[in-house]
Amino acid sequence: MTDKDYNPSSTHPPIPPTSEDESFARLRLLRSRRVGVSTYKRLLAEHGTAQNALAALPKVARAAGVANYEICPEGVVYAELRAAKAAGAQLIMHGTDAYPETLYDLNDAPPFLWAIGNLDIIHRPKISLVGARNASSLGTRMAKALAQGLGEAGYVVVSGLARGVDAAAHLAALGTGTIAVQAGGVDVMYPAENTQLAADIAASGLRLSEQPMGLQPMARHFPSRNRIIAGLSHATIVVEAAAKSGSLITARDALDQGREVLAVPGHPFDARAAGCNMLLRDGATLVRNAADVIELLGRADAVQPVQAELGLAESASAPAPKKSLRETAALHLQILSRLGPSPIAEDQLIRDLQASAAKVAPVLIDLELDGQISRQPGGLVSRTG
(Lines give C-alpha, C1' and ligand atoms only; values in the text may rest on other atoms or scores of the structure.)
Protein backbone atom coordinates (compact mmCIF):
# COMPACT_ATOMS: atom_id res chain seq x y z
CA MET A 1 0.00 0.00 0.00
CA THR A 2 1.52 3.32 -1.10
CA ASP A 3 0.91 6.91 -0.05
CA LYS A 4 -1.22 7.35 -3.14
CA ASP A 5 -3.33 4.33 -2.26
CA TYR A 6 -3.78 5.49 1.33
CA ASN A 7 -5.55 8.71 0.36
CA PRO A 8 -8.83 9.32 2.23
CA SER A 9 -11.00 12.16 1.03
CA SER A 10 -11.61 15.22 3.17
CA THR A 11 -15.16 14.02 3.82
CA HIS A 12 -14.21 10.60 5.15
CA PRO A 13 -12.05 9.81 8.17
CA PRO A 14 -8.79 7.96 7.56
CA ILE A 15 -9.17 4.17 7.66
CA PRO A 16 -7.29 2.47 10.52
CA PRO A 17 -4.38 0.46 9.09
CA THR A 18 -3.93 -3.28 9.46
CA SER A 19 -0.74 -5.36 9.59
CA GLU A 20 -0.88 -5.85 5.80
CA ASP A 21 -0.78 -2.10 5.16
CA GLU A 22 2.29 -0.02 4.43
CA SER A 23 0.83 2.55 6.83
CA PHE A 24 0.81 -0.04 9.65
CA ALA A 25 4.42 -0.90 8.89
CA ARG A 26 5.37 2.79 8.89
CA LEU A 27 3.76 3.33 12.26
CA ARG A 28 5.57 0.26 13.56
CA LEU A 29 8.86 1.60 12.17
CA LEU A 30 8.35 4.97 13.84
CA ARG A 31 7.50 3.33 17.17
CA SER A 32 10.65 1.19 17.09
CA ARG A 33 13.34 1.94 19.64
CA ARG A 34 15.69 4.81 18.81
CA VAL A 35 13.92 5.63 15.56
CA GLY A 36 13.13 9.35 15.42
CA VAL A 37 11.64 11.32 12.54
CA SER A 38 14.97 11.84 10.74
CA THR A 39 15.98 8.19 11.06
CA TYR A 40 12.51 7.11 9.93
CA LYS A 41 12.76 9.22 6.78
CA ARG A 42 16.27 8.03 6.01
CA LEU A 43 15.37 4.37 6.44
CA LEU A 44 12.41 4.76 4.07
CA ALA A 45 14.64 6.51 1.54
CA GLU A 46 17.25 3.76 1.68
CA HIS A 47 14.91 0.76 1.69
CA GLY A 48 11.91 1.95 -0.32
CA THR A 49 9.13 0.60 1.91
CA ALA A 50 8.56 0.37 5.64
CA GLN A 51 8.40 -3.42 5.41
CA ASN A 52 11.90 -3.48 3.93
CA ALA A 53 13.13 -0.94 6.48
CA LEU A 54 11.78 -3.04 9.36
CA ALA A 55 13.50 -6.11 7.99
CA ALA A 56 16.79 -4.23 7.71
CA LEU A 57 16.59 -2.38 11.04
CA PRO A 58 18.17 -5.09 13.26
CA LYS A 59 21.12 -5.31 10.86
CA VAL A 60 21.45 -1.50 10.84
CA ALA A 61 21.38 -1.53 14.64
CA ARG A 62 24.05 -4.24 14.82
CA ALA A 63 26.26 -2.22 12.49
CA ALA A 64 25.81 0.69 14.89
CA GLY A 65 26.93 -1.49 17.82
CA VAL A 66 23.49 -2.29 19.25
CA ALA A 67 23.17 -5.99 20.05
CA ASN A 68 19.88 -7.91 20.33
CA TYR A 69 17.89 -5.08 18.76
CA GLU A 70 14.19 -5.82 18.35
CA ILE A 71 11.76 -3.83 16.25
CA CYS A 72 8.46 -2.66 17.70
CA PRO A 73 6.14 -5.70 18.13
CA GLU A 74 2.93 -5.70 16.11
CA GLY A 75 0.99 -6.01 19.35
CA VAL A 76 2.18 -2.60 20.50
CA VAL A 77 0.80 -0.98 17.35
CA TYR A 78 -2.48 -2.89 17.64
CA ALA A 79 -2.81 -1.73 21.26
CA GLU A 80 -2.31 1.86 20.14
CA LEU A 81 -4.95 1.45 17.44
CA ARG A 82 -7.40 0.00 19.96
CA ALA A 83 -6.76 2.91 22.34
CA ALA A 84 -7.34 5.33 19.48
CA LYS A 85 -10.64 3.68 18.58
CA ALA A 86 -11.78 3.89 22.20
CA ALA A 87 -10.89 7.60 22.30
CA GLY A 88 -12.46 8.36 18.91
CA ALA A 89 -9.08 9.36 17.44
CA GLN A 90 -8.26 9.24 13.74
CA LEU A 91 -4.81 8.60 12.26
CA ILE A 92 -3.48 11.07 9.69
CA MET A 93 -0.46 9.95 7.69
CA HIS A 94 2.06 12.16 5.93
CA GLY A 95 1.19 12.25 2.23
CA THR A 96 -2.59 11.89 2.54
CA ASP A 97 -5.32 14.43 1.80
CA ALA A 98 -6.09 14.84 5.49
CA TYR A 99 -2.51 15.85 6.37
CA PRO A 100 -2.06 19.63 6.96
CA GLU A 101 -0.41 21.22 3.92
CA THR A 102 1.54 23.72 6.00
CA LEU A 103 3.47 20.96 7.80
CA TYR A 104 5.16 19.85 4.57
CA ASP A 105 7.51 22.82 4.95
CA LEU A 106 9.07 21.21 8.05
CA ASN A 107 12.22 19.15 7.57
CA ASP A 108 11.12 17.06 10.55
CA ALA A 109 7.40 16.99 9.78
CA PRO A 110 5.62 14.35 11.89
CA PRO A 111 5.02 11.18 9.83
CA PHE A 112 1.74 10.59 11.69
CA LEU A 113 -0.74 12.69 13.65
CA TRP A 114 -3.53 11.47 15.89
CA ALA A 115 -6.62 13.67 15.65
CA ILE A 116 -9.78 13.99 17.71
CA GLY A 117 -12.50 16.32 16.46
CA ASN A 118 -13.43 18.04 13.22
CA LEU A 119 -10.89 17.32 10.46
CA ASP A 120 -12.57 19.80 8.12
CA ILE A 121 -10.87 22.77 9.80
CA ILE A 122 -7.37 21.41 9.31
CA HIS A 123 -7.00 22.98 5.85
CA ARG A 124 -8.35 26.42 6.73
CA PRO A 125 -5.89 29.35 7.18
CA LYS A 126 -4.45 29.24 10.68
CA ILE A 127 -2.68 31.57 13.11
CA SER A 128 -0.88 30.37 16.23
CA LEU A 129 -1.40 32.29 19.44
CA VAL A 130 0.89 31.41 22.34
CA GLY A 131 2.12 32.91 25.58
CA ALA A 132 2.75 32.60 29.28
CA ARG A 133 1.14 29.97 31.48
CA ASN A 134 1.12 32.43 34.39
CA ALA A 135 -0.42 35.11 32.21
CA SER A 136 -1.56 38.39 33.70
CA SER A 137 -5.17 39.52 33.59
CA LEU A 138 -4.28 41.88 30.75
CA GLY A 139 -2.51 39.05 28.95
CA THR A 140 -5.50 36.71 29.01
CA ARG A 141 -7.82 39.57 27.96
CA MET A 142 -5.52 40.32 25.05
CA ALA A 143 -5.39 36.66 24.03
CA LYS A 144 -9.17 36.42 24.07
CA ALA A 145 -9.59 39.63 22.08
CA LEU A 146 -7.06 38.53 19.44
CA ALA A 147 -8.53 35.04 19.13
CA GLN A 148 -12.05 36.38 18.80
CA GLY A 149 -11.07 38.99 16.21
CA LEU A 150 -9.00 36.54 14.17
CA GLY A 151 -11.77 33.96 14.31
CA GLU A 152 -14.26 36.51 13.00
CA ALA A 153 -11.82 37.20 10.15
CA GLY A 154 -11.95 33.52 9.21
CA TYR A 155 -8.78 32.21 10.84
CA VAL A 156 -8.48 29.03 12.89
CA VAL A 157 -6.60 29.73 16.13
CA VAL A 158 -3.87 27.23 16.99
CA SER A 159 -2.36 26.86 20.46
CA GLY A 160 -0.99 24.31 22.91
CA LEU A 161 -3.82 23.70 25.42
CA ALA A 162 -1.67 24.99 28.30
CA ARG A 163 -3.06 27.14 31.07
CA GLY A 164 -2.91 30.91 30.72
CA VAL A 165 -2.70 32.43 27.25
CA ASP A 166 -3.27 29.12 25.42
CA ALA A 167 -6.47 28.34 27.31
CA ALA A 168 -7.80 31.89 26.85
CA ALA A 169 -7.15 31.75 23.09
CA HIS A 170 -8.83 28.35 22.67
CA LEU A 171 -11.83 29.41 24.73
CA ALA A 172 -12.42 32.58 22.70
CA ALA A 173 -12.12 30.69 19.39
CA LEU A 174 -14.40 27.75 20.18
CA GLY A 175 -17.18 29.20 18.04
CA THR A 176 -15.01 29.99 15.02
CA GLY A 177 -12.48 27.16 15.00
CA THR A 178 -9.48 26.21 17.12
CA ILE A 179 -6.81 23.50 17.05
CA ALA A 180 -5.00 22.31 20.18
CA VAL A 181 -1.64 20.61 19.68
CA GLN A 182 -0.86 18.38 22.66
CA ALA A 183 2.56 17.43 24.00
CA GLY A 184 1.42 13.99 25.18
CA GLY A 185 -1.02 11.53 23.67
CA VAL A 186 -4.09 13.10 22.11
CA ASP A 187 -6.18 11.20 24.67
CA VAL A 188 -4.20 12.49 27.67
CA MET A 189 -5.62 15.55 29.42
CA TYR A 190 -2.81 17.85 30.49
CA PRO A 191 -3.10 20.00 32.47
CA ALA A 192 -6.07 18.38 34.20
CA GLU A 193 -7.72 21.75 34.76
CA ASN A 194 -8.26 22.05 30.99
CA THR A 195 -10.13 18.73 30.70
CA GLN A 196 -13.48 20.38 29.96
CA LEU A 197 -11.85 22.80 27.52
CA ALA A 198 -10.25 19.84 25.72
CA ALA A 199 -13.66 18.17 25.43
CA ASP A 200 -15.17 21.38 24.07
CA ILE A 201 -12.38 21.69 21.50
CA ALA A 202 -12.95 18.10 20.36
CA ALA A 203 -16.68 18.85 19.95
CA SER A 204 -16.26 21.87 17.67
CA GLY A 205 -12.55 22.08 16.79
CA LEU A 206 -9.64 19.67 16.66
CA ARG A 207 -6.98 18.17 18.95
CA LEU A 208 -3.74 16.88 17.43
CA SER A 209 -0.66 15.01 18.65
CA GLU A 210 2.24 13.17 17.04
CA GLN A 211 2.83 11.14 20.22
CA PRO A 212 1.53 7.60 20.84
CA MET A 213 -1.88 7.21 22.43
CA GLY A 214 -1.79 7.30 26.23
CA LEU A 215 1.66 8.90 26.48
CA GLN A 216 2.04 11.21 29.47
CA PRO A 217 3.84 14.41 28.42
CA MET A 218 7.42 14.98 29.57
CA ALA A 219 9.55 18.13 29.37
CA ARG A 220 11.29 17.00 26.18
CA HIS A 221 7.94 16.61 24.37
CA PHE A 222 7.02 20.30 24.56
CA PRO A 223 9.65 21.64 22.11
CA SER A 224 8.49 18.97 19.64
CA ARG A 225 4.90 20.08 20.17
CA ASN A 226 5.90 23.72 19.62
CA ARG A 227 7.35 23.09 16.16
CA ILE A 228 3.96 21.69 15.09
CA ILE A 229 2.12 24.70 16.50
CA ALA A 230 4.36 27.01 14.47
CA GLY A 231 4.33 24.74 11.42
CA LEU A 232 0.55 24.58 11.17
CA SER A 233 0.15 28.33 10.91
CA HIS A 234 0.85 31.19 8.54
CA ALA A 235 1.94 33.32 11.50
CA THR A 236 2.67 33.03 15.22
CA ILE A 237 1.63 35.68 17.75
CA VAL A 238 3.27 35.81 21.18
CA VAL A 239 1.14 37.58 23.79
CA GLU A 240 3.21 37.27 26.97
CA ALA A 241 6.49 35.38 27.36
CA ALA A 242 9.44 35.42 29.72
CA ALA A 243 12.95 35.84 28.36
CA LYS A 244 13.40 32.05 28.46
CA SER A 245 10.12 30.34 27.65
CA GLY A 246 8.51 27.75 25.42
CA SER A 247 6.68 30.52 23.58
CA LEU A 248 10.00 31.86 22.32
CA ILE A 249 10.87 28.36 21.10
CA THR A 250 7.64 28.42 19.09
CA ALA A 251 8.55 31.86 17.73
CA ARG A 252 12.03 30.65 16.71
CA ASP A 253 10.47 27.62 15.03
CA ALA A 254 8.16 29.94 13.08
CA LEU A 255 11.12 32.07 11.99
CA ASP A 256 13.06 28.97 10.93
CA GLN A 257 10.07 27.89 8.88
CA GLY A 258 9.82 31.29 7.15
CA ARG A 259 6.57 32.28 8.86
CA GLU A 260 5.58 35.68 10.25
CA VAL A 261 6.23 36.34 13.94
CA LEU A 262 4.24 38.97 15.79
CA ALA A 263 4.36 40.05 19.43
CA VAL A 264 2.33 42.11 21.88
CA PRO A 265 4.51 44.70 23.69
CA GLY A 266 4.59 44.87 27.47
CA HIS A 267 5.97 46.96 30.29
CA PRO A 268 9.77 46.70 30.61
CA PHE A 269 9.48 45.97 34.33
CA ASP A 270 7.13 42.99 33.77
CA ALA A 271 9.16 39.77 33.42
CA ARG A 272 6.26 38.20 31.54
CA ALA A 273 6.76 40.75 28.76
CA ALA A 274 10.53 40.35 28.44
CA GLY A 275 10.33 37.74 25.69
CA CYS A 276 7.84 39.74 23.62
CA ASN A 277 9.91 42.90 23.94
CA MET A 278 13.01 40.97 22.84
CA LEU A 279 11.15 39.70 19.77
CA LEU A 280 10.07 43.24 18.90
CA ARG A 281 13.62 44.50 19.34
CA ASP A 282 14.79 41.82 16.92
CA GLY A 283 12.24 42.67 14.23
CA ALA A 284 8.94 40.98 15.07
CA THR A 285 5.80 42.84 14.05
CA LEU A 286 4.11 44.77 16.86
CA VAL A 287 0.50 43.80 17.55
CA ARG A 288 -2.05 45.96 19.38
CA ASN A 289 -5.22 44.19 18.19
CA ALA A 290 -6.55 41.75 15.61
CA ALA A 291 -6.77 44.55 13.04
CA ASP A 292 -2.95 44.83 13.07
CA VAL A 293 -2.67 41.13 12.22
CA ILE A 294 -5.29 41.33 9.47
CA GLU A 295 -3.56 44.40 8.01
CA LEU A 296 -0.36 42.36 7.71
CA LEU A 297 -1.80 39.03 6.52
CA GLY A 298 -5.19 39.95 5.11
CA ARG A 299 -8.43 38.20 5.94
CA ALA A 300 -8.39 34.42 5.87
CA ASP A 301 -10.15 34.19 2.50
CA ALA A 302 -7.30 36.21 0.95
CA VAL A 303 -4.47 34.05 2.31
CA GLN A 304 -2.62 32.11 -0.38
CA PRO A 305 -2.53 28.36 0.25
CA VAL A 306 0.81 26.79 1.03
CA GLN A 307 2.34 24.99 -1.94
CA ALA A 308 2.74 21.53 -0.50
CA GLU A 309 4.74 18.69 -1.94
CA LEU A 310 2.58 15.74 -1.03
CA GLY A 311 3.89 12.34 -0.13
CA LEU A 312 7.37 11.29 0.78
CA ALA A 313 8.99 12.30 -2.49
CA GLU A 314 11.77 14.00 -0.59
CA SER A 315 12.70 10.62 0.87
CA ALA A 316 13.15 9.01 -2.52
CA SER A 317 16.70 10.20 -2.90
CA ALA A 318 19.43 7.93 -4.16
CA PRO A 319 20.88 5.48 -1.65
CA ALA A 320 23.95 6.63 0.22
CA PRO A 321 27.22 5.46 -1.32
CA LYS A 322 28.96 2.49 0.28
CA LYS A 323 31.84 3.29 2.63
CA SER A 324 34.59 1.14 4.07
CA LEU A 325 34.58 0.27 7.76
CA ARG A 326 37.68 2.42 8.22
CA GLU A 327 35.97 5.45 6.62
CA THR A 328 32.82 4.91 8.68
CA ALA A 329 34.75 4.61 11.96
CA ALA A 330 36.73 7.76 11.15
CA LEU A 331 33.52 9.67 10.42
CA HIS A 332 32.00 8.39 13.69
CA LEU A 333 34.93 9.86 15.60
CA GLN A 334 34.85 13.14 13.68
CA ILE A 335 31.15 13.62 14.38
CA LEU A 336 31.40 12.76 18.07
CA SER A 337 34.42 15.03 18.51
CA ARG A 338 32.45 17.97 17.12
CA LEU A 339 29.28 17.36 19.14
CA GLY A 340 28.58 18.20 22.75
CA PRO A 341 25.51 18.41 25.00
CA SER A 342 24.48 21.73 23.37
CA PRO A 343 22.57 20.98 20.16
CA ILE A 344 23.76 22.33 16.81
CA ALA A 345 22.11 22.32 13.41
CA GLU A 346 22.73 19.18 11.37
CA ASP A 347 23.51 21.19 8.24
CA GLN A 348 26.09 23.21 10.18
CA LEU A 349 27.69 19.96 11.36
CA ILE A 350 27.88 18.74 7.76
CA ARG A 351 29.54 22.00 6.69
CA ASP A 352 32.02 21.77 9.58
CA LEU A 353 32.93 18.23 8.54
CA GLN A 354 33.34 19.32 4.91
CA ALA A 355 31.58 16.13 3.88
CA SER A 356 28.50 15.48 1.79
CA ALA A 357 25.10 14.99 3.39
CA ALA A 358 24.89 11.59 1.68
CA LYS A 359 27.96 10.43 3.63
CA VAL A 360 27.06 11.97 6.98
CA ALA A 361 23.35 11.07 7.21
CA PRO A 362 23.77 7.25 7.44
CA VAL A 363 26.46 7.66 10.12
CA LEU A 364 24.13 9.90 12.13
CA ILE A 365 21.53 7.13 11.97
CA ASP A 366 24.10 4.64 13.29
CA LEU A 367 25.03 6.95 16.16
CA GLU A 368 21.38 7.67 16.99
CA LEU A 369 20.52 3.96 17.08
CA ASP A 370 23.58 3.40 19.27
CA GLY A 371 22.31 6.07 21.67
CA GLN A 372 25.43 8.23 21.27
CA ILE A 373 23.60 11.21 19.77
CA SER A 374 20.06 12.53 19.95
CA ARG A 375 18.07 14.58 17.50
CA GLN A 376 15.84 17.47 18.46
CA PRO A 377 13.17 19.48 16.62
CA GLY A 378 14.40 22.00 14.08
CA GLY A 379 17.11 19.75 12.63
CA LEU A 380 19.30 19.95 15.75
CA VAL A 381 21.63 17.21 16.96
CA SER A 382 23.62 16.78 20.18
CA ARG A 383 25.82 14.23 21.89
CA THR A 384 24.23 12.19 24.68
CA GLY A 385 25.80 11.34 28.01
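Reader: How many cavities of 30 Å³ or more does the structure hold?

Author: Heads-up: this is a predicted model, where local features need pLDDT of at least 70, side-chain atom pairs count only at pLDDT 80 or more, and totals for chains, interfaces and linings use all residues. Residues are numbered from 1 along each chain as its sequence is written, and side-chain values use heavy atoms, leaving out hydrogens and water. A cavity is a set of points on a 1 Å grid over the protein atoms alone where a 1.4 Å probe fits but cannot get out. With the cut-off at 30 Å³ or more, the structure holds one.

Reader: What about S32: buried or exposed?

Author: S32 sits in the loop between α1 (22-30) and α2 (37-47), where helices (H or I, at least four residues) and strands (E, at least two) are DSSP runs numbered from the N terminus. Beyond its neighbours within four places in sequence, S32 is in contact (heavy atoms within 4.5 Å) with L54, L57, Y69, I71 and C72. Buried means under 20% relative accessible area, exposed over 50%, partly exposed in between (1.4 Å probe, protein chains only). S32 has a relative accessible area of 4%, so S32 is buried.

Reader: How many residues of strand β3 are buried?

Author: Strand β3 covers residues 126-130. On one side K126, S128 and V130 are buried, and on the other I127 and L129 are too. The count of buried residues in β3 is five of five.

Reader: Which residue of β4 is the bridge partner of S128?

Author: Strands pair if DSSP finds at least two bridges between them. β3 and β4 (residues 156-159) run parallel and are joined by three bridges, while β3 and β7 (residues 235-238) also pair in the parallel sense, over four bridges. In β4, the bridge partner of S128 is V158.

Reader: Where is the loop that holds N68?

Author: N68 has a positive phi of about 55 degrees although it is not a glycine. N68 has 72% relative accessibility, so N68 counts as exposed. Its loop lies between α3 (50-63) and α4 (74-87).

Note on methods. 1 Å grid on protein atoms, 1.4 Å probe; cavity = no way out; pocket = protein on both sides within 12 Å on 5 of 7 lines; lining within 4 Å. Points joined across faces, edges and corners; volume = space filled by probe spheres on them.
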